[in-house]
Amino acid sequence: ARRGGLGYMVQGQGFGLLHVMANSGEGVGDANPLPTHDATAMLAKHWGKVYENNATARTREWHCEYHDVQGFIARFCESASHPYGTVLDVGCGGSCFGERVLGDFGLGHLFLTDIDPGIVEILKARYETALHEGAPKSVTCEVMDCTDMKSIASNSCAVVLDKGTLDALHGEKDKMRMLLECGRVLAASGVFVSVSFASAKRVPVLMEAAKRMRLQLRIKVLGQGDPRFGHTVYFVAVLGKDLGTAGTGTGCLGTGSGMDFDNDDLAYASEDELTQTVLTRVHRASSVIEYDPPSKEDELTLFDESDGEYP
């Protein structure tokens, strides 16, 4: 199996849901990046067709349901929340993830963004007529490129959310641009929650983003079983200035600064067996399913000596 590269070791564990991407360590959009402007246009066109042609996509919860991640993110969101705080859901599609976070943790404003104008109009109509119990009273819906959110002020959002948007971006540069933009708009006491495919390549990207932004990082693996045996899992990552210390059972992959990424000790390993197992594999083999890195014998060739002679 091919594996995504990991240039430094994982220093602990956390949590997250994963979908195995051909066991390669690669997530959607990791390979063969297009120029940023072309990729943005391609994404807008693609999602416009998805929402236009598939009515169920307009309310779909990608990757997982809110209740799947609520228990893990609760203490982080609680510490960041206040009555005047903004929840920003980046590339939200038709999800209600942001609305649920807003209601559960008592924040004041919901800001929804997406690259597709059609789904943004659907969201505007949804919240202009929202009469259900707990419906947010203050909502902004705006067409926006998640790699360049210039209309959002720096340090202005208490909670920033991403569920599947990082996966949809084409290439590592755009993924990093998005992560850094989310960090820019994040308030000093805020938290950024990202739910993504369980790709081994995602871990070093998240760690590098945390290091650049001087943020702590927690990652949890969520799922019904070991991906080695075919179970679907995802990563749930939380970034923030102060996410707590070791011994909380949440696990830690990095702290943004002063962390020795080459240390062989998983000092902040989570008590969660699934997370510990998967992230140990990522550390050792850059894979979510394999314990050992590939050897020379693992290489695939068109023919080998056992195939005999061919004309």
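Start with β6 and β7: in this predicted model, the two strands run antiparallel and are joined by eight bridges. Within that pairing, Arg218 sits opposite Val238 of β7. Strands of a sheet pair through backbone hydrogen bonds, either parallel or antiparallel.

Step back and you'll see an open sheet of seven strands, in the order β3-β2-β1-β4-β5-β7-β6, with mixed pairing. β3 (139-143) and β6 are the edge strands, each pairing on one side only. From one strand to the next, the twist averages 15°.

Now for the helices. α4 lies across β2 and β3, and runs at about 165° to β3. α6 packs on the sheet too, where it touches β1, β4 and β5, and its direction makes about 150° with that of β5.

What about the inside? In soluble globular proteins, nonpolar side chains tend to be buried together. Here the largest nonpolar core has 41 residues, and Leu88, Val160 and Phe235 have the most contacts inside it. Among the elements giving it two or more residues are β4, β5, β7 and α8 (273-285), while α7 supplies the largest share, seven residues. Take Leu88: leaving out residues up to four places away in sequence, its contacts include Phe111, Met149, Val160 and Val185. Apart from that core lies another, of 33 residues, with Ile73, Val101, Leu102 and Val236 among them.

Val101 and Leu102 bring us to helix α3 (residues 97-105), whose buried residues also include Phe97, Gly98, Glu99 and Phe105. The buried residues of α3 pack against α2, β1, β2, α4 and β4. After α3 comes Gly106, with a positive phi near 65°.

Technical notes. Residues numbered from 1 in each chain as written. Predicted model: local features only at pLDDT ≥ 70, side-chain atom pairs only at ≥ 80, totals over all residues. Heavy atoms only, no water. Buried < 20%, exposed > 50% of the residue type's maximum accessible area, 1.4 Å probe, protein only. Helix = DSSP H or I, 4+ residues; strand = E, 2+ residues; numbered from the N terminus. Contact = heavy atoms within 4.5 Å. Core = buried A, V, L, I, M, F, W, Y, C linked by side-chain atoms within 4.5 Å. Pairing = 2+ DSSP bridges. Axes fitted to C-alpha atoms, helices over the stretch in contact; angles between N-to-C directions.
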